[in-house]
Amino acid sequence: MNNPLLKPFDTAPFSEIRNEHFKPAIEKLIEETKKEIDSIASNNEAPTFANTVEALDYTGHQLDRVTSIFFNLNSAQTNDEIQKIAQEVSPLLSNFQNDILLNEGLFNRVKDVYSQQENLTLTSEQQTLLDKQYKGFSRNGANLSEEKKEQLRKIDANLAKLKLTFGENVLAETNAYELHITNEENLSGIPDGIIEMAAQTAKEKNKIGWVFTLDYPSYVPFITYADNRTLRKELALAFGARAFQNNENDNQENVLNIAKLRHERAQLLGYKSHAHFVLEERMAKTPQQVTDFLQELLEKAKPAAKKEFQELETFAKKLDNIDHLEKWDGGYYAEKLKQKLFNLDDEKLKPYFKLDKAISGVFKVASKLYDLQFEQVFDIDKYHDDVKTYRVTDSYGKLVAIFYADFHPRSEKRGGAWMTSYKPQYIADGENERPHVSIVCNFTKATETKPSLLTFIEVTTLFHEFGHALHGMLANTTYKGLSGTNVFWDFVELPSQVLENWCYEKETLELFANHFETEEIIPMELVEKIKASASFHEGMKTLRQLSFGLLDMAWHGKDPSKITSVKEFEKEIFSNTQLYPDVQNNCMSTAFSHIFQGGYSAGYYSYKWAEVLDADAFAYFKEAGIFNKTVATKFKNTVLSQGGTQDPMDLYIAFRGKEPNPDALLKRAGLM
Ligand SMILES: [Zn+2]
């Protein structure tokens, strides 16, 4: 078959690809990569860094490229057929990954190189690659006896099942509830768009009136805007009781079992706890570091949170004669207070943020900081007309990257915004292969009469994703396994979040924030309001994030076998961060999908961690001037270009001259 995915290509050959090309190409390329790997494993020569570790990094180039094209399309331009193929090829790929990790011949060679590392003269990048590969095997049980390996497989299989059940239960409980409203008075306070959505939901369920559900897009606006306190309470209690109702969807046993199995797994692999296991490959390193970090922030945030809470209570008392704020009141009165203090809505800001201008703005920022030039080109194959393509060059005109930008929503695209790549950066045979990087967003499209205008949140989203893209585009490492965004999880949001800071600066806004009709630059008074409203109730928000981080660490940092009651355990952990009265028949852990179903176990802290990093890094820029070339070049050379070639703390210190410190964040958040 004439399959374009099996021929060499530079940029992804989107227009030639048919859906039926994917599966055979992936199958064939798995076979080929297997052969590459087998020839490394069965090499007769003694293992060396070059013939084993480096060789392994160079395997599977074409497979990587084809799978990245495929899974990107599945997110940005999908259809039933692509989804069906994804169901078929995903197990093939995960089995293939498992086969590599269980390949004993291969592991023995990597281990051999690993054990002689003292005598090898490796660069720090090579050292990191060796470490990463070795850990990839050992953390998966490669050093265990056959018997223990068997035990590990059993635990993994059990965990996979439990996590699945946990998620299914949360989903079932979320879907099992609805708030059916037939009296229009009960909609008071809720914005029109949300009411329309609720009417639509009712219609889909063959009901009259309006239906609100426990899905976030329905639940959050109701809790935030509905004037009817009784109904807010009903909805909030239903939300908090998910998978905690002693019915067939209850997750209490599952939570306990997941925590216990994770602990057992960690012990089997020689770690003190699951958190010790996870954090070994994080910038934070140890559970103690994470807990200290969370406690330090807690100490600083708690007084502010208490004060904000009291002010909110006074406000609610004055407005509606409410004596004590409950969980279902917080969001509602906070929104009212925010409106009163800032009177800032999206419609006021949007005219200043025309999408085309914002894009050229972010390009100008990249040019001022890193000397990058973006030229839109029309000869690169793409998967949809809306996609824009750019050649990115440095000040010498040399190619840095190909950049794809796909900005507008389509029914074939999933929600949200993300950065991704179609080709990694790496150096082979002296040739520096430049990356192909993409960002995908869901910004409102222009109409015949109005250009695409962004909300301020969309502007920061654009800068955020572009920050990830810079991490990819400026990559300059030898090995693809360490290139670009291949860094520890609690470091990957630094380049993206730090760039968001530029959106709040006058010097940046002057580059692009002109009114789309009058050309007037956004008034500074509005910008100041944006800044102030961004840190509104930061004490309470911080306390909430910290409580989740502490709960996560409590479940995963110690032996959980003595815990018998999920609710009592959680209550004790929350006692130090609690503002609202506890609700005895609500529970957080039984629906905490981030840590019990998703990949955030012993990782929830990383949200705050990344904020500390970005605030601290930006403070350095700010001291010297936000477009200061010396600081920017330092950031490029020590962070953006380095990927995961060294421990992130070392990279950060090389940039900043010292370890990150939470003061800048506390200052930005108004907590100091
Ligand atoms: Zn991000």
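This is a predicted model: local features need pLDDT of at least 70, side-chain atom pairs count only at pLDDT 80 or more; totals for chains, interfaces and linings use all residues.
His464 and His468 both belong to helix H17 (residues 456–473), where they are separated by about one helical turn because they are four residues apart. An α-helix has 3.6 residues a turn, so residues three or four places apart point the same way. Buried means under 20% relative accessible area. His464 therefore counts as buried, at 14% relative accessibility, and His468 is buried with a relative accessible area of 8%.

## Helix H25

Helix H25 (residues 629–640) has twelve residues, and its end C-alpha atoms are only 14 Å apart. A straight helix would reach 16 Å at 1.5 Å a residue, so the span of H25 falls short of that value. At the N-terminal end, Asn628 caps H25, with a side-chain oxygen 2.9 Å from the backbone nitrogen of Thr630.

The buried residues in H25 are Val631, Ala632, Phe635, Thr638, Val639 and Leu640. They line one face of the helix, because they fall within an arc of 150 degrees when seen down the axis of H25. These buried residues pack against H17, the helix that holds His464 and His468. Their other packing partners are helix H16 (355–370), helix H18 (494–500), helix H24 (606–624) and helix H26 (648–656).

## Helix H14

Helix H14 (residues 327–342) has 16 residues. From its first C-alpha to its last, H14 reaches 24 Å, close to the 22 Å expected at 1.5 Å a residue. Just after H14, Asn343 takes a positive phi of about 45 degrees.

Buried positions in H14 are Trp328, Asp329, Gly330, Tyr332, Tyr333, Ala334, Glu335, Leu337 and Phe342. Their cover includes helix H9 (216–225), helix H10 (229–240), helix H13 (287–320) and helix H20 (524–534).

Lys285 is not a glycine, yet its phi is positive, near 70 degrees. Lys285 sits in the loop between helix H12 (274–279) and H13; H13 is also among the helices that cover the buried residues of H14. At 33% relative accessibility, Lys285 counts as partly exposed.

Asp371, also a residue other than glycine, has a positive phi near 60 degrees. The loop that holds Asp371 runs between H16 and strand S3 (373–377), and H16 is one of the helices packed against by the buried residues of H25. Asp371 is partly exposed, with a relative accessible area of 31%.

## A buried lysine

Lys423 lies in strand S6 (residues 418–423). With a relative accessibility of 7%, Lys423 counts as buried. Its side chain reaches the backbone oxygen of Arg434 at 3.4 Å.

Leaving out residues up to four places away in sequence, Lys423 touches Asp10, Arg65, Glu433, Arg434, Pro435 and His436.

Terms used:
Residues are numbered from 1 along each chain as its sequence is written. Side-chain values use heavy atoms; hydrogens and water are left out. Helices (H or I, at least four residues) and strands (E, at least two) are DSSP runs, numbered from the N terminus. Buried means under 20% relative accessible area, exposed over 50%, partly exposed in between (1.4 Å probe, protein chains only). The arc is that of the directions from the helix axis to the C-beta atoms. Contact means heavy atoms within 4.5 Å. A polar contact is a pair of N or O atoms within 3.5 Å; within protein, one must be able to donate a hydrogen and the other to accept it, and residues adjacent in sequence count only if both atoms are side-chain atoms.
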